[in-house]
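Please walk through this structure with the sequence and the 3D view side by side.

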Amino acid sequence: MRAFLEANGLEAYYGWTKVLHGLDLSVPEGKVTALLGANGAGKTTTLRALCGMTTVKGQIFYDGQRIDGKPTEEIVRLGVAHVPEGRGTFANLTVFENLLLGAYTRSDRAKVAEDLDRVYHYFPVLKERRTSQAGLLSGGEQQMLAVARGLMLRPRLLLLDEPSLGLAPIMVAELFRAVRTINQTEGVTVLLAEQNASAALDVAHHVYLVETGRIVTGGPAEVLRGDDAIRRSYLGY
Amino acid sequence: MQTFVAQVISGLSTGGIYASIALALVLIYQSTGLVNFAQGEMAMFTTYMAWSMLNAGWGYWPAFVGACLFAFALGFGLERLVIRPLETAPELALVIVTIGLLTIFNSVAGWIYTYTIKPFPSPFPAAPIKVGFMVLNPQDLGVVGVTLLMLALIYLFFHSTRLGLAMRAVVENPVSSRLVGIRVSWMLALGWGMAAVVGAVAGLMVAPLVFLEPNMMGGVLIYAFASATLGGFSSAGGAVVGGFVMGILENLTGTYITLVGTKLKLTVALAVIVLVLLIKPTGLFGRAAVRRV
């Protein structure tokens, strides 16, 4: 299987501080890949580095094309939707406006209208609340809005940063169900950063473990699920 | 009573001009956090452009449109060439730059056009209109009408076009805006261009009243600052309300408080700025910046 997204020797810097120390990563097309690791391991930075939000060294290939050093908005225009940690919704704009902004770079209006129906179908609560300000939604609803806004790009690659953060377990389950459907029925490649290892292992095909800015191990999800050491450190049973 | 009503109506007219410049200031402040001290002089300069076009034999409205287009190019270009390279500079440096632009525009206008005052035509008829016991000046009504029309257009732009939505998104959250593919820096240049157009319209409206000369916007700018401070720098609607209030306040204090008269008019604006900052620094309609930590 060809790597849809690949990072070689990826280093990321915030100012002078080096946060990623030569990370190698390969995300197969049409699959869900998860980055697991503790708080501060560098998962968020990895996703940010991949779409030009930090200073980077090393190479990043997306669909065979070098994208390291490109500005974020140009990477997005290639079909990469990044759903940031803390959701990054436009709190003073309505749910509907947030979704429209997700499709900002697209000019195919008829398809955008279709996609709006599609995300309303995935997340019916967003349709109910389409005229309310995004800031007034609950945490779970805002997370759904953030994912839905990402989908409005009709992305080829979806980067999800800690989608389960601060959500009630029932919301987490609903969200991951949606992620699985999006991946299976639409073939969107997903790269997911998660602390919630059990939820991520359920949906992911392939898993990487990140510690202090490095990949420590990686492999198919079912193999890692069976690994005792990993189960103890990341799943806690 | 008749004096009072007349003063209020003419106050609304100058208020419309203050409102426009205040709105231009707020448009830039909201998207970049920068107060553009050169806003008034940019408006003055574009009015001179209109004057040149009129002198070249253009009709009033073609010159009006021409000046607006020139203003847009001027604002857009300034952001690209002067402000953008200083993206990472401290705010104070940028403020000094805009003050520098103020003096440059003032001097260049004086150099090209001299400091002699020039009459500037008004697009509105001169004959007063009688409504009941009141005599209305078409000039006043025209200025108020143009201001309100411009506001309506700006509102429509921000609320029913894709580009307007993108600009609101940038004001609210530049990082997320990049993540949906908005080219943020172009939006900022666009904001400067639009602010310059709003200012240009104000310049064209005020020139017939005060005559055209390089210093004509000095007092207007201070009143516009007072308007934006009163309404709140974070609220476009507030800046407009502030503008109208300041226009009326200027006339009423001038008429009824003999101490103020015409000589201390600017003092009123400065007093309002100081009072607002002391009592309610966010202004009447502004929001305090709230940040989660």
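Into which domains is chain A divided? Chain A has domain 1 (3–79 + 156–235) and domain 2 (90–154), with bounds that come from an automatic or database domain assignment. Before going further, note that this is a predicted model, in which local features need pLDDT of at least 70, side-chain atom pairs count only at pLDDT 80 or more, and totals for chains, interfaces and linings use all residues. Residues are numbered from 1 along each chain as its sequence is written, while chains are lettered from A and ligands numbered from 1 in the order in which they are written. The model scores ipTM 0.88 and pTM 0.85.

The centres of domain 1 and domain 2 of chain A, taken over C-alpha atoms, are separated by 23 Å. Where the domains meet, 12 residues of domain 1 of chain A are in contact with 11 residues of domain 2 of chain A; two residues are in contact if their C-beta atoms, placed from the backbone, lie within 7 Å. On the domain 1 side, helix α7 (residues 169–186) of chain A gives the most, with 4 residues. That side of domain 1 of chain A divides into 9 nonpolar, 2 polar and 1 charged. In this classing, Ala, Val, Leu, Ile, Met, Phe, Trp, Tyr, Cys and Pro count as nonpolar, Asp, Glu, Lys and Arg as charged, and the others, Gly among them, as polar.

Taken as a whole, chain A has 10 helices and 10 strands. These are DSSP runs, numbered from the N terminus (helices are H or I with at least four residues, strands are E with at least two). The C-alpha trace of chain A spans about 45 × 40 × 35 Å along its principal axes. Of the 237 residues of chain A, 47% count as buried. A residue is buried if 20 or more other C-beta atoms lie within 10 Å of its own, exposed if 12 or fewer, and partly exposed in between, with C-beta atoms placed from the backbone. Among the contacts in chain A with a separation of 6 or more, 68% come from residues 24 or more positions apart.

Now to the sheets. Strands of a sheet pair through backbone hydrogen bonds, either parallel or antiparallel. Here two strands pair if DSSP finds at least two bridges between them. One open sheet of chain A has 4 strands in the order β2-β1-β4-β5, with antiparallel pairing. Its edges are β2 (17–28) and β5 (65–66) of chain A, each with a single partner strand, so one side of each is left without a neighbour in the sheet. Strand β4 (residues 55–62) of chain A pairs with β5(A) in the antiparallel sense over 2 bridges, and A:Tyr62 stands opposite A:Gln65 in β5(A).

Strand β8 (residues 189–194) of chain A has 6 of its 6 residues buried, so it is largely enclosed by the rest of the structure. In a regular strand the side chains alternate between the two faces of the sheet. In β8(A) both faces are covered, with A:Thr189, A:Leu191 and A:Ala193 buried on one side and A:Val190, A:Leu192 and A:Glu194 buried on the other. Strand β3 (residues 32–36) of chain A pairs with β8(A) in the parallel sense over 5 bridges, and A:Glu194 is the bridge partner of A:Leu36. Strand β7 (residues 157–161) of chain A also pairs with β8(A) in the parallel sense over 5 bridges, where A:Leu191 is the bridge partner of A:Leu159. β7(A) in turn pairs with β6(A) in the parallel sense over 4 bridges, with A:Leu157 the bridge partner of A:Val80.

Chain B averages a pLDDT of 90, and 98% of the residues score at least 70; pLDDT is the predictor's confidence in each residue, from 0 to 100. The contact between the chains takes 15 residues from chain B and 16 residues from chain A. On the side of chain B that touches chain A, α6 (162–172) and α7 (174–179) of chain B each supply at least two residues, and the largest share, 6 residues, comes from α6(B). By class, this side of chain B has 7 nonpolar, 3 polar and 5 charged residues.
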